[in-house]
Amino acid sequence: MELIHLKNLSNTTSKLNDPAPSSSAVNKEMLENILDEEPPFSPEERRISNMVVEQAIQTDVVPSSLDVAHSEYLQSSRCLSFDPTFFTKGIGVPSVEAYEAAMVLSGVGDALGYRAGLWEYCTSGPQIHAELAELGGLEAITLKPPEWPVSDDTILHLATAEGLATGLEGDPLLQELARCYVAAMGDMEGRKPGPTSILGTSQLRPGEPEGYRIPFNPTGTGCGAAMRSLAIGLRYPHAWELPTLIRVSIESGRMTHHHPTGYLGALAVALFGALGARGEPPELWGAELLRVLPLAWDYVEGAGMAVEENAAAWSFFGDAWHR
């Protein structure tokens, strides 16, 4: 099976309308710089958390309630990385090649599962496997359009990566993500984007104050936000970046899926990507998500956007994971 390089994948199957000026070389250099960044704290866990709080408050990146909660999270045994020198040892973050592989394989899995729309809505695993066998198995497949295009999920995931690769932070990053999502909707022929993504992107107003926010949507419970969020976890893999990961995943998720069941899926995928990048065992990821959900609510409540509606719909996601 042909594994398409990320650059070729984005160039041949996901040309975004009016993309941000960039090149693969610039993005790769930026990613290398991100991976080489030294965390701004000493090995002592308490000092780590104190500096996280101080930095967050100074930059007004997240509500102060989340700063305090994150400080307590890092100080407690609930944080998966018990070794306080974990991040200063320079371990736990993969190479640039591994990051590229994660993006490429995400697109590969999407193209396989989508199969130009033939398998996307097929609910029978045995039927899909039988049809795959008739095709000669994975070894007989070459992933390229028109038989094997990527779906809207990869187009929007690449849009997320484009926005993150600009190096912007805070509101400018969210505005850029909104712009990228709107532009990406111009490349949806034959890709079957969901109605929630279509509606959400139509309501975005990138460039206007808080133009990345849309109204609460009682039916915005699908998985479209989750599908495009892996890159967020790859961009913010460290535990001290958790407040930023929470903000970016929630705000980017509710640019289309403004309902907790929808945008918490984006948080879950981003968090799992970060935990995977740090080398945390997958069997612990679900429990870690449940520990992070109270911090997510602190952010949603502090952000002050449709708090009452979000509160009324909040419990389902966590309850489902508990089950």
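**A predicted helical protein: core and aromatic contacts**

Colleague: How many helices and strands does the secondary structure of the protein come to?

Modeller: This is a predicted model, in which local features need pLDDT of at least 70, side-chain atom pairs count only at pLDDT 80 or more, and totals for chains, interfaces and linings use all residues. Residues are numbered from 1 along each chain as its sequence is written, and side-chain values use heavy atoms, with hydrogens and water left out. Helices (H or I, at least four residues) and strands (E, at least two) are DSSP runs, numbered from the N terminus. The secondary structure comes to 16 helices and 0 strands.

Colleague: What percentage of the 323 residues is buried?

Modeller: A residue is buried under 20% relative accessible area, exposed over 50% and partly exposed in between (1.4 Å probe, protein chains only). Of the 323 residues in the protein, the buried share is 49%.

Colleague: Which element gives the most residues to the largest nonpolar core?

Modeller: A nonpolar core is a set of buried Ala, Val, Leu, Ile, Met, Phe, Trp, Tyr and Cys residues joined through side-chain atoms within 4.5 Å. The largest one holds 59 residues, and Leu245, Ile246, Met255, Leu264 and Leu267 touch the most other members. Elements giving two or more residues include helix H5 (96-114), helix H12 (242-253), helix H13 (260-277) and helix H14 (285-303). The largest contribution, 10 residues, comes from H13.

Colleague: Which residues does Leu264 contact, leaving aside its neighbours within four places in sequence?

Modeller: Contact means heavy atoms within 4.5 Å. With those neighbours left aside, the partners of Leu264 are Leu293, Ala296, Trp314 and Phe317.

Colleague: How far apart in sequence are the parts tied together by the pair of Trp119 and Trp148?

Modeller: Rings of Phe, Tyr and Trp (its six-membered ring) pair if their centres lie within 6.5 Å; planes under 30 degrees apart count as stacked, over 60 as edge-to-face and the rest as tilted. The whole structure has 5 such pairs. Trp119 and Trp148 are edge-to-face, at 5.9 Å centre to centre with 65 degrees between the planes. Trp119 lies in the loop between H5 and helix H6 (125-134) and Trp148 in the loop between H6 and H7, so the pair ties together parts separated in sequence by 29 residues.

Colleague: Which residue lies over the face of Tyr263?

Modeller: A charge sits over a ring if NZ of Lys or CZ of Arg is within 6 Å of the ring centre and within 35 degrees of the ring normal. Tyr263 is also linked by ring pairs into a cluster with Trp297 and Trp314. Over the face of Tyr263, at 5.8 Å from the ring centre, lies Arg254.
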